[in-house]
Amino acid sequence: MDKSMTPTGKKNALKMVLIIFMLCSVVKHIEFLLIKTDRTIISENIICKLFIIVTLFIVLSRLRWNWKEIGFCKKGILRTASFGLLLGISTFFISYLVEYFVLVAMGKTPHIRFFITNFALTNQNIGRTSLAMVVICIIGNIINVWAEEGLFRGLFFQITKTSFTEKQSNFIQSLLFGMWHIVTVIVWLLDGSINIPTACFMAVGYIILSGILAYEWGLCISLTGTVWAGVFEHFFNNFITNSLHMVTDTGTDEMQILRIVLSNALSLTFVLIISKNAKKQK
């Protein structure tokens, strides 16, 4: 990778990353708080994601980098994509199964239903099952994953790696990715859906849960040399959460938090084990 245009030194690298992060965050907050695209039929905040993609093109051009240099390589895409999908399928299969038996133990009669919603740990907007909704969900998730993986596991990871260790770079992008999701809690707080103590608790929860997956996807880059494992697991996780729901007589996705926490923890555990074995083999 040609690093000639990369900012030198930890301070400059971190400054560049934080400026880009704050710029994208401002656009995201405007969309969440004012435009509210997620409350339309799109059910996704698509404007800030498109803004990120445009920003990536501009920054990569200024750095004289290309998409391959931030992990979007053609080589090995099938192998690494399969790895990412396998992680998503296996961890969610286990977490849905656990959720089912927990609900049964609570005396409920759970069953799985397919319909499209927007993703949130609470306050889901229930959608309808139609081809148009499924297509919108797929396109929205493709744009979302392209933007977030390109920005956090791609650009931020590679910029900080020029001055920080790989582990430090992974932690930085994970922390920023966790903070990226706090805006949802701000929306609920302003709507009066939750109070300040609950908002603080939910904010910490978002940082931890999102940070776990971000750190895992960073490890996948170290393992495979590409972003594709994270891209495909990220897409699968989002789509399955948007579409496959555990329904009982008393509600929908009542134990979703259990499912999300368990699948995230399992996914990170699996990748840590694989990473440790890979280091031993080397």
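User: Before we look at this predicted model, what does "buried" mean in terms of relative accessible area?
Analyst: Happy to start there! A residue is called exposed when its relative accessible area is over 50%, and partly exposed covers the range in between. Buried means under 20%.

User: Is Asn-118 buried or exposed?
Analyst: First find Asn-118 in the loop between β1 (111-114) and α4. Its relative accessible area is 7%. Because the cut-off for buried is under 20%, Asn-118 counts as buried.

User: How far apart in space are Asn-118 and Thr-198?
Analyst: Along the sequence, these two residues are 80 residues apart. In space, going from C-alpha to C-alpha, Asn-118 and Thr-198 are 21 Å apart.

User: What is the span of helix α2 from its first C-alpha to its last?
Analyst: Helix α2 covers residues 46-63, which is 18 residues. At 1.5 Å a residue, 26 Å is expected. The helix comes close to that, reaching 26 Å.

User: Which helices are included in what covers the buried residues of α2?
Analyst: The buried residues of α2 include Ile-52, Ile-53, Leu-56, Val-59, Leu-60 and Leu-63. A handy rule is that an α-helix has 3.6 residues a turn, so residues three or four places apart point the same way. The cover over the buried residues of α2 includes α1 (10-35), α4 (131-161) and α5 (166-180).

User: Is Asp-253 buried or exposed?
Analyst: Asp-253 is in the loop between β3 (251-252) and α9. Its phi is also positive, near 55°. With a relative accessibility of 8%, Asp-253 is buried.

User: How many nonpolar residues are in the contact of α3 with α9?
Analyst: The two helices pass in a right-handed crossing. Among the residues making the contact are Phe-83, Leu-87 and Val-98 of α3, and Leu-262, Phe-270 and Ile-274 of α9. Besides 6 polar and 2 charged residues, the contact of α3 with α9 has a nonpolar group of 14.

Notes:
Residues numbered from 1 in each chain as written. Predicted model: local features only at pLDDT ≥ 70, side-chain atom pairs only at ≥ 80, totals over all residues. Heavy atoms only, no water. Left-handed = near helix turned anticlockwise from the far one by under 90°. Helix = DSSP H or I, 4+ residues; strand = E, 2+ residues; numbered from the N terminus. Contact = heavy atoms within 4.5 Å. Nonpolar A, V, L, I, M, F, W, Y, C, P; charged D, E, K, R; others polar. Expected span 1.5 Å × (residues − 1). Buried < 20%, exposed > 50% of the residue type's maximum accessible area, 1.4 Å probe, protein only.
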